[in-house]
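Hi,

Here is the structure I said I'd pass on.

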Amino acid sequence: MDISKGRSKLPDFTARFKDYCRSRGADLVGIASMDRFEGVPPQNDPRNIFPDAKAVVVIGRRITRGSLRGWEEGTNRDIYEMFGYSWLDKQFVALTNFEATEWLEDEGWEATPVMCYPPEMPPQGIPVREGRPGPNVNLDMDYAAVAAGLGEIGLHGVFLSPEFGPRQRLQAVITDAPLEADPLCEREICSGCAVCAGTCPLGAIDHENLTEINIAGKVMKVAQIDYSKCRSCPNGARPNIHHSTGKPDRIAAVCVRSCVDALERGDKVTDTFRLAFRQREPWAKNEVGANVAIDTVPAQDEAREDQRDGAADGRTSPIFRPAGHRRPPLLSHNVRRQGGDGRRVHLQLVPRSALVR
Ligand code: SF4
Ligand code: SF4
């Protein structure tokens, strides 16, 4: 090693590295030790990319809440497409991630930047050595983010952080630098409210059919999801920009936008705003693109709760709040089920002061 390089023996090496990442635009920086990748499939194991690695750094930048506004209102798709997906991932996060790798290599440690390719992407070639996976080995970025202590996988199968909920893009650096691992995230983010499932117009999230997943000892429950429906969902889902075999991007879809709203109203995330995310009745389309009423949570009990709480501000807005969550400021609503299948509901916006027990 070139001993003229860097000051990486200083005790605050990890803290200085994280400070640098934040100064280059990172909103999230988490570090996983390699033992947290025991048992991952060879095709997703970072040790098959860099066998001498000691740590995986996961770096995230937020998807600004305003980047989702165009999809939420149904009037602009391209803002999210660029600032929330394509440019954010391929340029903004990529630059922050690359500058982090440069910092580590300036300190004398090898650092491999890794983009967020889908882990389900099949090998693109044959193995060059016996017993090794074929190229490309792709890191499962959601797995790495949980292993690096940045958050958890929500019931809808999307990674959630305590800061931004589902609103971030992630990349990683695999390095032999002596970075200290972060503890796993202990804070519960997903409440299991099933608002994501209830607002999916295609019924793609089966929240009664849960699978337990274990990442480095952190156990989470994820619903069965019919991705074949998500691939053609007209409610904000986008094709995977990296590979056609990858799962679609659902962060702007109504299921995950509803989660953004639910997490904020439930005080589950720290990046909050003066106005609630959901200000109007959400729009939705069915499989053939026709406008439909959207499912949501039953509200009669909530309405009573709202009135008991004495809210009488007279302002209106729809809410999509799971039972037991903090009552949102200023808002209330009423919901009537229309069909026997429990999936079609009519949203009626009313002032809280008009609600009766
Ligand atoms: S909407 Fe509720 S159940 Fe679904 S992922 Fe978000 S917090 Fe979890
Ligand atoms: S992407 Fe579309 S089909 Fe898939 S869960 Fe979300 S709203 Fe439903």
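Val58 stands opposite Ala172 in β6. That pair belongs to the eight bridges that join β2 to strand β6 (residues 168-175), and these two strands run antiparallel. A word on the names: helices (H or I, at least four residues) and strands (E, at least two) are DSSP runs, numbered from the N terminus.

Before going on, note that this is a predicted model, where local features need pLDDT of at least 70, side-chain atom pairs count only at pLDDT 80 or more, and totals for chains, interfaces and linings use all residues. Residues are numbered from 1 along each chain as its sequence is written, while chains are lettered from A and ligands numbered from 1 in the order in which they are written.

On its other pairing, β2 is joined by six bridges to strand β1 (residues 28-33), again antiparallel. There, Ile31 stands opposite Val57, and Leu28 has Gly60 as its bridge partner. Put together, four strands make an open antiparallel sheet in the order β1-β2-β6-β3 (two strands pair if DSSP finds at least two bridges between them). β1 and β3 (111-114) are at the edges with a single partner strand each, so one side of each has no neighbour in the sheet.

How much of β2 is buried? Seven of the eight residues in β2 (residues 55-62) are, so the strand is largely enclosed by the rest of the structure. Buried means that 20 or more other C-beta atoms, placed from the backbone, lie within 10 Å of the residue's own.

Now the core. The largest nonpolar core has 84 residues, and Ala55, Val57, Val58, Ile59, Ala144 and Ala172 touch the most other members. Its largest share, seven residues, comes from α7. (Such a core is a set of buried Ala, Val, Leu, Ile, Met, Phe, Trp, Tyr and Cys residues joined through C-beta atoms within 7 Å.)

α7 (254-265) turns up again at the ligands. It gives the most to the shell around ligand 1, with four residues. Of the 14 residues around that ligand, Gly154, Cys190, Cys193, Cys196 and Cys259 come nearest, where being near means a C-beta atom, placed from the backbone, within 6 Å. Around ligand 2 there are 13 residues, with Cys200, Cys230, Cys233, Ala253 and Cys255 nearest. Here α6 (227-231) and α7 each supply at least two residues of the shell.

Cheers

Methods: Buried ≥ 20, exposed ≤ 12 C-beta atoms within 10 Å, placed from the backbone.
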